[in-house]
Amino acid sequence: MRRELKEGAVIVTDSHFPRHADELLALIEEWHAKSPPQVIFLGDVCEFLSAYIPYSVTYNQRLIDAINKLSKQTNVIYLEGNHDFLIAPLFPYVDVISLPNQPVSFYYGENKTAALLHGDRFENA
């Protein structure tokens, strides 16, 4: 799949929700009012999240709801990290990319490409 890195895209990485929860949720709320063309979550957005661990879903529900609401307004891509994985079932309108499928190439400008990945992907390489 060919992915575009849109001009004005916003990238969020390693926020480890609920650390700075109020700030992150306020920022996403601002984006609900005035959406950037694209939001890319680059892993470890949550301290721990997996769709198959019910407590982790409950613990992060406010963020899950905010991201799902945003994904109905703008292009949202979520590259899983080592703290947030197996999350695709939680985000029906988000392009979720698992850690093994990273890095991901994005094109932008005139024939330029950027590779994005969560930093822990090659930690032991």
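Strand 2 (10-12) and strand 3 (residues 38-41) run parallel to each other and are joined over three bridges, where two strands are said to pair if DSSP finds at least two bridges between them. Within this pairing, Val12 has Phe41 of strand 3 as its bridge partner. The model is a predicted one, in which local features need pLDDT of at least 70 and side-chain atom pairs count only at pLDDT 80 or more, while totals for chains, interfaces and linings use all residues. Residues are numbered from 1 along each chain as its sequence is written, and side-chain values use heavy atoms, with hydrogens and water left out.

- The open sheet is made of four strands in the order 2-3-4-5, with parallel pairing; strands (E, at least two residues) and helices (H or I, at least four residues) are DSSP runs, numbered from the N terminus.
- Strand 2 and strand 5 (95-97) each have a single partner strand, so one side of each of these edge strands is left without a neighbour in the sheet.
- From one strand to the next, the twist averages 15°.
- Helix 3 (residues 61-71) packs on the sheet, where it touches strand 3 and strand 4 (75-79), and its direction makes about 135° with that of strand 4; such angles run from 0 to 180 degrees between N-to-C directions, with axes fitted as lines to C-alpha atoms, for helices over the stretch in contact, and contact means heavy atoms within 4.5 Å.

**The nonpolar cores**

- A nonpolar core is a set of buried Ala, Val, Leu, Ile, Met, Phe, Trp, Tyr and Cys residues joined through side-chain atoms within 4.5 Å, and buried means under 20% relative accessible area, exposed over 50% and partly exposed in between (1.4 Å probe, protein chains only).
- In the largest core, which has 26 residues, Ile28, Phe41, Leu63, Ile67, Tyr78 and Phe91 touch the most other members.
- Helix 1 (21-33), strand 3, helix 3 and strand 4 each give two or more residues to this core.
- Beyond its neighbours within four places in sequence, Phe41 is in contact with residues including Val12, Ile28, Ile67 and Tyr78.

**Helix 1**

- Ala21, Leu24, Leu25, Ile28, Trp31 and His32 are the buried residues of helix 1.
- These residues lie on the same side of helix 1, because they cover an arc of only 115° around the axis, the arc being that of the directions from the helix axis to the C-beta atoms.
- The buried residues of helix 1 pack against strand 2, strand 3 and helix 3, whereas the face turned away from them carries the exposed residues Asp22, Glu23, Glu30 and Ala33.
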